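Biologist: I am new to this structure and would like to go through it slowly, asking at each step what a given word rests on. Could we begin once it is in view?

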Amino acid sequence: MSEVVYDQREVKRARYAVAAVFAVHGAVTGSFATRVPWIQDHASLSAGQLGFALAFTAFGASCSMPLAGRITHRFGSRTALRGLIALWTMALILPSLAPNLLTLCLAMFTYGATAGMADVAMNALGVEIEQRLDKSIMSALHGMWSAGALIGSAAGTLAAHLGSDARLHHALAAATLTLLGVAACRWVLDLRPAEDEEPPPRFALPPRSALLIGAVGFCAVFAEGASLDWSAVYLRDQLGTSAGLAAASTTGFMLTMAVARLVGDTVVNRFGAVRTVRAGGVLAVFGGLLIVVAGNPAVAMAGFALLGLGIAVVVPLCFAAAGRSGPNPSQAIAGVATITYTSGLIAPSAIGTLAQATSLVVSFGLVTVLACGLAVLAGVLRTGDRDRPKVSPAGAAVPDPRP
């Protein structure tokens, strides 16, 4: 990207604008997730057919993510993000319109493709703003995504409770979120490539640095996906709790992650990405052990809360590290995003398959082992010329003395 000079007030305003885009992106996900049962009934699908259709979301995202860098190169960061977030919000309408399995698969592919491209574009801008502010902000940005998902989920739950048609619900939600997302993009940074800068390839394998960083994200997202989809089942089947208490465990896990992400930048700015992820890995392992040995619901719920706390800031820090890992941030971010999306896709089915062959206790033993990888692999997040910004007592950034 060509070097564009922005004053600190413009950069700070861009930070809040991108945070709003993150929240809009999350709200789409929350709005969709709550109406999946309606979509299943509308398309007359079995559980297996629904799972097959939902897999096209990650497939579409994986195919489209490498294109985000080329789109940004062609149109500039502001126009690209405005267009991609609008495509993503409007794609919310498609799944509820699908009358059968084939059309739902096509809808989910489009839904995933637009989600993935918007994801890469907004994370690349977040990394650019973080570097210009010289302090960690990616955790809070992803916290805004979680907050948006909770708001979208709450609205969707209300719509479902009222028995509203998901086609009407999603049309109204898409229109509202499109207006909010496009409006927020007005204040993001408008970065454009230098005249002699080559456009990124349409499709390319992730760079080696992205593979290593993606491995850290894989461990975290696997634990997140397993906990979101199986925590309630674990409490119900293993510990015999009521459906309400089991559902509360999942909600508590989501809230823990959202709060930890919103305040995580303070910890990262104080201790650095590597030490934060290592400490988070220790917390996640301890949480996993509590889940495995839990003899009552309180212990298991505490375990899921610690697991969520430990993994909360890992993915944001992976995106930040990817953006500093080479000359093409969008390509590296796309590579990390593809790996994490893949992890989120396979985690629920892997947990279920292993649980069927053994037990859910063994399945969460695997989650605990993968959580160890966070502590072991955290060093790969020390990319670029710094692990964390140095801040003077007065709050002003000072140079990092390390070579």
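Modeller: In this predicted model, helix 4 has a set of buried residues, namely Ser77, Ala80, Leu81, Leu84, Ile85, Ala86, Trp88, Thr89 and Ala91.

Biologist: How do you know that the span of helix 4 is close to the expected one?

Modeller: Helix 4 covers residues 77-91, which is 15 residues, and from its first C-alpha to its last it reaches 21 Å, to be set against the 21 Å expected at 1.5 Å a residue.

Biologist: Why is serine 139 called buried?

Modeller: Serine 139, which lies in helix 7 (residues 138-161), has a relative accessibility of 0%, and because the limit is under 20%, serine 139 counts as buried.

Biologist: What makes the approach of serine 139 to arginine 261 a polar contact?

Modeller: The side chain of serine 139 reaches the backbone oxygen of arginine 261 at 2.7 Å, and the cut-off for such a pair of atoms is within 3.5 Å. Among the residues that serine 139 touches beyond four places in sequence are Ala260, Leu262, Val313 and Pro316.

Biologist: How many aromatic pairs does a search of the whole structure find, and why is the pair of phenylalanine 32 and tyrosine 111 called tilted?

Modeller: The search finds nine aromatic pairs.

Biologist: What makes the pair of phenylalanine 304 and phenylalanine 364 edge-to-face?

Modeller: Here the angle between the planes is 85°, with 5.5 Å centre to centre, and because an angle over 60 degrees counts as edge-to-face, the name applies to this pair. Phenylalanine 304 is in helix 12 (residues 297-311) and phenylalanine 364 in helix 15 (residues 360-377), so the pair ties together parts that are 60 residues apart in sequence.

Methods. Residues numbered from 1 in each chain as written. Predicted model: local features only at pLDDT ≥ 70, side-chain atom pairs only at ≥ 80, totals over all residues. Heavy atoms only, no water. Helix = DSSP H or I, 4+ residues; strand = E, 2+ residues; numbered from the N terminus. Expected span 1.5 Å × (residues − 1). Buried < 20%, exposed > 50% of the residue type's maximum accessible area, 1.4 Å probe, protein only. Polar contact = N/O pair within 3.5 Å; in protein donor to acceptor, adjacent residues only side chain to side chain. Contact = heavy atoms within 4.5 Å. Phe/Tyr/Trp six-rings, centres within 6.5 Å; stacked < 30°, edge-to-face > 60°.
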